[in-house]
Structures are given as C-alpha cells and as structure tokens.
Amino acid sequence: TFVSTMATFVSTMATFVSTMSTFVSTFVSTMSTFVSTFVSTMSTFVSTMTTFVSTMATFVSTMATFVSTMATFVSTMSTFVSTMTTFVSTMATFVSTMSTFVSTMTTFVSTISTTISTVPTTFATATAFATFATWLLKFGNVLHELGHTIIIVFFGRQE
C-alpha cells in the first residue's frame, strides 16, 4: 500500500512538474512575443511620430515662407499701383498742358494770319507803316529782354 501510494505521489508530482514546465514555457513564450510585439509597435509609433513632427515643422516653415512671399508680392503690387497712378496723373496733366499749348498756338497763328491779311490795308499810308515799324521795334525789344530774363533764370547771369 505504501509503495502504491508513493508511486501515485511520484506520478502525480511528475504530472505536476510537467504541467508547470509547460505553463512556464508557454508563459515565457507568450511574454516574449508580447514584449517583442510591444517594443516593435512602440518603435514604429515613435518613428511615425518623429516623421509627423518633422513634416509639420517643414509645413510650418513652408507656410511662413509663403506668407512672407505673399506680403512682399502685395507690397510690390501696392508700389506698382501707386507708381501707375502717379504716371497716369502725370500723363493726364501733360495731355491737358499740350491741349492748352495747341489751343494757344492755334489762336496765335490765327491772330498772326489775321494781322498779316490786314497789312496791305493798314499800311496804306507812310505814317501807318512808321507807326507799325515803331511798334514792331518795341515788340522786338520786349522779346530781347524776355530772352535775357529766361537765360538768367535758367542758366544764371552770364558775365
């Protein structure tokens, strides 16, 4: 009976040791797989996050450059529009001045033409011609003095 009991005890212990060995082996294998998978997953996550942060930094830098470029473009366009406005205004003034000049010259030519056409009648007598000659001389003197004044104003007094 003792031998039988001992045999049963040894058999039970052997089964227990075998079961424990299987359990430990399975546990270690499972934990090893879990740790390996976890480490691999964390490594992938960290790598992905690093790439994401790097991409976001590049994006922010690109956007800053874009905003700066747009600001420069807007400033340049503003300057261009201002310059064009000044140019158009100057051209309008020039055209107006030229129009006035042409109108004045037309009146002047018309007056000269009318005056010349009346010369034969006006200077029918020697007295009238002498009067005109005196007036023409005075007009010449006025033009002469005006010429001197223009030279002095624009070029300074000529010694």
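Phe-34 and Phe-38 sit about one helical turn apart, because four residues separate them in helix α1. Helices here are DSSP runs of H or I, at least four residues long, numbered from the N terminus. Before going further, keep in mind that this is a predicted model, where local features need pLDDT of at least 70, side-chain atom pairs count only at pLDDT 80 or more, and totals for chains, interfaces and linings use all residues. Residues are numbered from 1 along each chain as its sequence is written, and side-chain values use heavy atoms, with hydrogens and water left out.

Now for the aromatics. The structure has two aromatic pairs, a pair being rings of Phe, Tyr or Trp (its six-membered ring) with centres within 6.5 Å; planes under 30 degrees apart make it stacked, over 60 edge-to-face, and the rest tilted. Take Phe-23 and Phe-27: their ring centres are 6.2 Å apart and their planes meet at 20°, so this pair is stacked. Both belong to helix α1 (residues 2-122), four residues apart, which is about one turn of the helix.

Back to Phe-34 and Phe-38: with ring centres 6.2 Å apart and planes at 20°, this pair is stacked too. How exposed is Phe-34? Its relative accessibility is 52%, so Phe-34 counts as exposed (over 50% relative accessible area; buried is under 20%, partly exposed in between, using a 1.4 Å probe and protein chains only). Phe-38, at 46%, is partly exposed, and Phe-27 is partly exposed at 46%.

Further along, Thr-134 lies in helix α2 (residues 126-155). Thr-134 is partly exposed, with a relative accessible area of 42%. Its C-alpha atom is 156 Å from that of Met-13, 121 residues away along the chain.

How values were computed: Helices (H or I, at least four residues) and strands (E, at least two) are DSSP runs, numbered from the N terminus.
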